[in-house]
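Morning, everyone. I have one model to walk through today. Let me put it up.

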Amino acid sequence: MRSFTFTLLVVFSCARALGQFAYEDRIRIREANHISQQFGDLIWDGFNEPPFSILFIMDDYEYLIEHYYQPDDFDRIDDYDTLLYSAIHRRPTQMNKSFLATFPFAGLNTIVIGTPENTGLNSTGWIITLLHERFHQYQYSSPKYFAEASELGLSNGDDTGMWQLNYPFPYQDSKVVRAYEIYTKALYDAVKSIGMDNWENAKTEFFKARNAFKSSLSPDDYKYISFQWYQEGIARYTEYAFLERLEDYEPTTEINQLPDFIPFNEYKKTFLEKHMNNVLNLKLEEVGRVTVYDVGFAEALIIRELNSDWDKNYLKLKFDLEKLY
């Protein structure tokens, strides 16, 4: 097995060196597609309706997959790839090689993603992250999603969408930071108390702390952080929802043979602890917007406990998780 693994590494490295769309990259994408098709609609109704369009970024070339339109600066290199069930287009790399993002590209909401090596992920983490971005395609396919986000009135004239990253949230404000610390501690405790005898008390303390944090913010600042929890936190929750369904899933033989693949059931064992610890330990004043992924994820776990129909209303009640409790 060790010599076979070494041979795989040599083959993969040679393909990358030649700027080719390597076999292991294609089977990772295929695995994510299989998982999405098998489980996605069980998590979110209509999850698989948007095309699974991907711009895959390598060092020298970037490849456009399952995209309806061929931009002028791309060349078609394959009419039908038998692993990806799609035509493939290619151009010299222009995008950031470490991208993990989803945004409109050439007329479609497209996942723009670098290789596992360039994004610092192993094969398992990369596949799950691709499903995170797939969720954004599902989000953005909701009618008027971008228009309704703009109607929040938070862009300050920025029509590029960069306000979502650059909004001047008061991450350093001492009053906000203190209220946030109390809120995230109560959030952590409430999630840990689900199904336990102290759940009712922990839930009460959580809502009290959440309301206090909300009161520490201006209306626009609360709208912004709520938007981020809604958009990015639920994408992180979707990673976990897939992992819950992958407990007994058997990956393809090709995926199992990748040297850095961790079985999904093993990956799940550390996922919840890691991201709940982030809720408790990531400092608002130090990492800013990065906190929204895990805080929104933790809120989703409480919402799910309180409202079994929340998923049916998620795209209807934008962009405030408070509406879903």
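I will take the helices, then the cores, then the salt bridges.

First, the ground rules. This is a predicted model: local features need pLDDT of at least 70, side-chain atom pairs count only at pLDDT 80 or more, and totals for chains, interfaces and linings use all residues. Residues are numbered from 1 along each chain as its sequence is written, and side-chain values use heavy atoms, with hydrogens and water left out.

Start with helix α4, residues 123-140. Helices here are DSSP runs of H or I with at least four residues, strands are runs of E with at least two, and both are numbered from the N terminus. α4 has 18 residues and spans 26 Å from first C-alpha to last, close to the 26 Å expected at 1.5 Å a residue. That expectation is 1.5 Å times one less than the number of residues. Is α4 buried or exposed? 18 of its 18 residues are buried, so the rest of the structure largely encloses it. Buried means under 20% relative accessible area, exposed means over 50%, and partly exposed lies in between, with a 1.4 Å probe and protein chains only. At the start of α4, a side-chain oxygen of Asn-122 comes to within 3.2 Å of the backbone nitrogen of Thr-124.

At 9% relative accessibility, Ser-142 counts as buried. Its side chain makes a polar contact of 3.2 Å with that of Lys-318. A polar contact is a pair of N or O atoms within 3.5 Å; within protein, one must be able to donate a hydrogen and the other to accept it, and residues adjacent in sequence count only if both atoms are side-chain atoms.

Now α8, residues 199-215. Its buried residues include Trp-199, Phe-206 and Phe-213. Seen down the helix axis, the buried residues of α8 fall within an arc of 135°, so they line one face. The arc is taken from the directions from the axis to the C-beta atoms. Turned away from that side are the exposed Asn-201, Lys-208 and Ser-215. The cover over the buried residues includes α7, α9 and α13; contact means heavy atoms within 4.5 Å.

On to the cores. A nonpolar core is a set of buried Ala, Val, Leu, Ile, Met, Phe, Trp, Tyr and Cys residues joined through side-chain atoms within 4.5 Å. The largest has 89 residues, and Trp-44 and Phe-169 have the most contacts inside it. Helix α9 gives the largest share of this core, 13 residues. A second, separate core has seven residues, among them Leu-55 and Met-95.

Last, charges. How many salt bridges does the structure hold? There are 21, each a side-chain nitrogen of Lys or Arg within 4 Å of a carboxyl oxygen of Asp or Glu. Take Arg-26 and Asp-81, paired at 2.9 Å, N to O. Arg-26 sits in helix α2 and Asp-81 in strand β3, 55 residues apart. Both are buried. Compare Asp-59 and Lys-97, at 3.6 Å. Each lies in a loop, Asp-59 between β1 and β2 and Lys-97 between β4 and β5, so the pair ties together parts 38 residues apart in sequence. Asp-59 counts as partly exposed at 46% relative accessibility, and Lys-97 as partly exposed at 36%.
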